[in-house]
Amino acid sequence: MPLHLLDHPLAAHIITHLRDKTTKPATIRTLAYQLSLLLAIEATGDIATEEKVIETPLESTRGRVLAHQPLVVVPILRAGLGMVQPFTDIFPDVSVGYIGLERDHETARARSYYCKLPPLQDRHVFLVDPMLATGGSAVQALTVLREQGATDVRLVCIVSAPEGVAEVEKHHPGTVVHTAALDRTLNAKKYILPGLGDFGDRLYGT
Ligand code: PRP
Ligand code: URA
């Protein structure tokens, strides 16, 4: 599977503070923004550019600008919302779709409660969710996106478990996954170890 592990000293610094159980929601939101910005830059490293001739104050020169190609970012609610703003900040024309999934606390199975998506055909789609644990949520969301016509979907996560990566590869082989950390395993309640706890709760103080 094309698994890309973000390798940057700043990413390591941010992850360590996200993992720290004493870090408060306001700081978690800032750190999630910063890390998602690094991930967004990494995950869009191959998007197309085209030549543009411009005039500097001194002479004419050739540069490159982003080619017109619609991008779509889709957060898995609710924790994925904490990763959207970096995409909309650096790509102002990006469309935003939403997939609402919530894991059952007993079974860890994700239940769908909302879905609103823009057109996905011929677009780079970035599915964002901070935690890839069992992979159940990501697999469901990827299935929805493919049913709606997406052919190029990249999954962007903050912390991933090997079990989740394997589950995505099993159901959606070849999916590109960008993650800032690949952790050890899941515990009996399907939380990531060492992980950072429940991301949604830590992001929103619930
Ligand atoms: C968390 C997380 C992922 C999911 C990952 O969301 O944001 O969506 O769990 O677990 P999985 O890989 O085992 O499916 P949660 O269901 O807790 O909902 P929330 O974002 O509303 O807190
Ligand atoms: N969802 C989270 O928020 N954290 C985990 O460790 C697993 C799923």
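Visitor: How far is an oxygen atom of ligand 2 from a polar backbone atom of Phe199?
Guide: This is a predicted model. In it, the distance is 2.8 Å.

Visitor: And how much of ligand 2 does the protein cover?
Guide: The protein covers 89%. On its own, ligand 2 has 240 Å² of accessible area.

Visitor: What about the backbone of Ile192 and Gly197?
Guide: A polar backbone atom of Ile192 is 2.8 Å from an oxygen atom of ligand 2. For Gly197, a backbone N or O atom lies 2.8 Å from a nitrogen atom of the ligand.

Visitor: Which residues are around ligand 2?
Guide: Arg103, Met131, Ala133, Lys190, Tyr191, Ile192, Gly197, Asp198 and Phe199. By class, that shell has 5 nonpolar, 1 polar and 3 charged residues.

Visitor: Where does ligand 2 sit?
Guide: In the largest pocket. The space taken by ligand 1 is also the largest pocket.

Visitor: OK, ligand 1 then. Which residues come nearest?
Guide: Arg103, Asp129, Thr134, Gly135 and Ser137, out of 17 around ligand 1.

Visitor: What does the Asp129 side chain do there?
Guide: One of its N or O atoms is 2.5 Å from an oxygen atom of ligand 1. Ligand 1 exposes 500 Å² taken alone, and the protein buries 93% of that.

Visitor: Which backbone atoms lie by oxygen atoms of ligand 1?
Guide: A backbone N or O atom of Arg78, at 3.0 Å. Another belongs to Ala79, at 2.9 Å.

Visitor: Which element gives the largest share of the ligand 1 shell?
Guide: S6, with 3 residues. Strand S4 (71-77), strand S9 (131-132) and helix H4 (136-147) are among those supplying at least two each.

Conventions:
Residues numbered from 1 in each chain as written. Chains lettered and ligands numbered in written order. Predicted model: local features only at pLDDT ≥ 70, side-chain atom pairs only at ≥ 80, totals over all residues. Heavy atoms only, no water. Near = heavy atom within 4 Å. Polar contact = N/O pair within 3.5 Å; in protein donor to acceptor, adjacent residues only side chain to side chain. Areas by Shrake-Rupley, 256 points an atom, 1.4 Å probe, with all protein chains shown as cover. 1 Å grid on protein atoms, 1.4 Å probe; cavity = no way out; pocket = protein on both sides within 12 Å on 5 of 7 lines; lining within 4 Å. Sits in = over half its atoms within 2 Å of the grid points. Nonpolar A, V, L, I, M, F, W, Y, C, P; charged D, E, K, R; others polar. Helix = DSSP H or I, 4+ residues; strand = E, 2+ residues; numbered from the N terminus.
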